[in-house]
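The following questions and answers concern a single protein model. Please consult the sequence and coordinates while reading.

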Amino acid sequence: MDNHTHTARLITILSVEEGLKTELAHSIRVRANIEKRSLKNEDTVAVFNIVGTTSYQVFFIDDKNSLDVIKSELDKMGVLLNYDSEKILERYIQRKIK
């Protein structure tokens, strides 16, 4: 049974330094607080919009397991990552983490 009531769409991938200069700064700080991590300018985040809402979710991209972590966290919220966003993120991670 599918418990996903919403879909997440990738909006952007950017450095923490770039993100903190935008309206996404609060969302980045919230995610860092949830993960109990300090913000580093060179860290990379992926920003998702929950389709049909004004909700944005931010996740850090740290290693090759980041996609699985993101999908798991979204799943806990009842949110499914859309196919195109998953493929874009997958390719980005493969290029970044070599």
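Q: In this predicted model, does D62 count as buried, partly exposed or exposed?
A: The relative accessibility of D62 is 40%. Buried requires under 20% and exposed requires over 50%. D62 therefore counts as partly exposed.

Q: Which residue forms a salt bridge with D62, the closest N and O atoms being 2.9 Å apart?
A: D62 lies in the loop between β3 and α3, and its partner in the loop between α2 and β2, so the pair ties together parts that are 25 residues apart in sequence. The partner of D62 in this salt bridge is R37.

Q: Which residues do salt bridges with shared partners join into one network?
A: R37 forms a salt bridge with E35, with the closest N and O atoms 3.0 Å apart. The side chain of R37 also meets that of D43, at 3.5 Å from N to O, and D62 forms a salt bridge with R37. Through shared partners, the network consists of E35, R37, D43 and D62.

Q: Is D43 buried or exposed?
A: The relative accessibility of D43 is 13%. The cut-off for buried is under 20%, so D43 counts as buried.

Q: Which residue of β3 is the bridge partner of V47?
A: Strand β2 spans residues 44–50 and pairs with β3 in the antiparallel sense over six bridges. Within β3, the bridge partner of V47 is V58.

Q: Which residue in the hairpin of β2 and β3 takes a positive phi near 85 degrees?
A: The hairpin has five residues between its strands. The residue with this positive phi is G52.

Conventions
Residues are numbered from 1 along each chain as its sequence is written. This is a predicted model: local features need pLDDT of at least 70, side-chain atom pairs count only at pLDDT 80 or more; totals for chains, interfaces and linings use all residues. Side-chain values use heavy atoms; hydrogens and water are left out. Two strands pair if DSSP finds at least two bridges between them. Helices (H or I, at least four residues) and strands (E, at least two) are DSSP runs, numbered from the N terminus. A salt bridge is a side-chain nitrogen of Lys or Arg within 4 Å of a carboxyl oxygen of Asp or Glu. Buried means under 20% relative accessible area, exposed over 50%, partly exposed in between (1.4 Å probe, protein chains only).
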